[in-house]
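Subject: Handing over the structure

Hi there,

Here is the structure I promised to pass on to you. Please have it open in your viewer while you read, and my notes follow below.

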Amino acid sequence: MNQSSNEFLRTQRQQIYSELLTAANEVRITSGSVSAAFDHFAGTDLLTMITDVLRPLPQQNIVLVSKFTTVKLIGSEPVVESARRMVVEYLAGSETIGWLSTGFATDDVVSADTLSTRQQQFADHFQAGMSAQDDFLSAVRDELGIPEQGDLP
């Protein structure tokens with residue numbers, strides 16, 4: 001009976017961790033699109049470009065936070081801590097990039113320095129979120145006894 005309970009918990013954790021990772025990947029892809037759009041932007045209407053690219057991000061963040069809440073209920077400390085850092089950084093990046101859309105909407109002129117600073121803040125949060133996501137994946141593998149890709153037979 002104890003073995004059955006442990007297997008049930010492992011299966012539940014695996015499902016929940018997978019759902020959080022899927023949600024994080026959606027945020028990561030959207031954030032990466034924002035970053036790529038900035039790198040290749042050559043037009044005059046940055047607000048339109050930002051708004052189009054960011055459209056799915058608010059809903060993705062809601063899903064990310066809800067999945068993290070579930071992980072907090074069932075995850076081990078290393079898994080929860082890395083997941084928390086990942087969520088905090090991705091949300092901070094979203095907030096930073098969200099400023100750009102509201103900043104442009106309320107003020108037609110945003111200085112190049114301000115834009116550059118916000119871009120860098122976004123990039124820093126995005127990179128920290130990706131690093132925490134990698135840490136989360138490692139913690140999950142450790143907890144569930146899943147070998148690294150290079151360790152497969």
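How many residues does the largest nonpolar core have, and which of them have the most contacts inside it? Please keep in mind that this is a predicted model. The core has 32 residues, and those with the most contacts inside it are Tyr17, Leu20, Leu64, Val71, Tyr90 and Phe136. Helix α1 gives the most, with 9 residues. Domain 1 (32-108) and domain 2 (110-152) both contribute residues, so this core lies between them. As general background, nonpolar side chains tend to be buried together in soluble globular proteins.

Leaving aside neighbours within four places in sequence, Leu64 is in contact with Leu20, Ala23, Ala24, Val27, Val87 and Tyr90. Another residue to look at from here is Thr22, which is found in helix α1. The C-alpha atoms of Thr22 and Leu64 are separated by 8.7 Å, although the two residues are 42 residues apart along the chain. Thr22 counts as partly exposed, at 42% relative accessibility.

Further along helix α1 (residues 2-40) you will find Thr30. Is Thr30 buried or exposed? With a relative accessible area of 7%, Thr30 is buried, because anything under 20% counts as buried. Not counting residues up to four places away in sequence, Thr30 touches Val53, Pro56, Leu57 and Gln60.

Next, the aromatic rings. The structure holds 2 aromatic pairs. In one of them, the rings of Tyr17 and Phe136 have their centres 6.0 Å apart and their planes at 80°, so this pair is edge-to-face. Tyr17 lies in helix α1 and Phe136 in helix α5, so the pair ties together parts that are 119 residues apart in sequence. Both residues are among those with the most contacts inside the core. Tyr17 is buried, with a relative accessible area of 2%, and Phe136 counts as buried too, at 1% relative accessibility.

Phe122 and Phe126 form an aromatic pair that is stacked, at 5.9 Å centre to centre and with 10° between the planes. These two phenylalanines both lie in helix α5, 4 residues apart, which is about one turn of the helix. Phe122 and Phe126 are both buried.

Now to the charged side chains. How many salt bridges does the structure hold? There are 4 salt bridges, and I looked into some of them for you.

- Glu19 forms a salt bridge with Lys67, and the closest N and O atoms are 3.2 Å apart. Glu19 lies in helix α1 and Lys67 in helix α3 (residues 57-74), so the pair ties together parts that are 48 residues apart in sequence. Glu19 counts as partly exposed at 29% relative accessibility, and Lys67 is partly exposed as well, with a relative accessible area of 24%.

- Arg85 forms a salt bridge with Asp135, with 2.5 Å between the closest N and O atoms. Here Arg85 lies in helix α4 and Asp135 in helix α5 (residues 112-144), so the pair ties together parts that are 50 residues apart in sequence. Arg85 counts as partly exposed at 30% relative accessibility, and Asp135 counts as partly exposed at 35%.

- Arg84 forms a salt bridge with Glu81, the closest N and O atoms being 2.6 Å apart. Why are Arg84 and Glu81 separated by about one helical turn? They are 3 residues apart in helix α4 (residues 77-106), which means a separation of about one helical turn. Arg84 is partly exposed, with a relative accessible area of 35%, and Glu81 counts as partly exposed at 35% relative accessibility.

Happy browsing, and do write back with any questions.

Best wishes

Note on methods:
Residues numbered from 1 in each chain as written. Predicted model: local features only at pLDDT ≥ 70, side-chain atom pairs only at ≥ 80, totals over all residues. Heavy atoms only, no water. Buried < 20%, exposed > 50% of the residue type's maximum accessible area, 1.4 Å probe, protein only. Contact = heavy atoms within 4.5 Å. Core = buried A, V, L, I, M, F, W, Y, C linked by side-chain atoms within 4.5 Å. Domains from an automatic or database assignment. Phe/Tyr/Trp six-rings, centres within 6.5 Å; stacked < 30°, edge-to-face > 60°.
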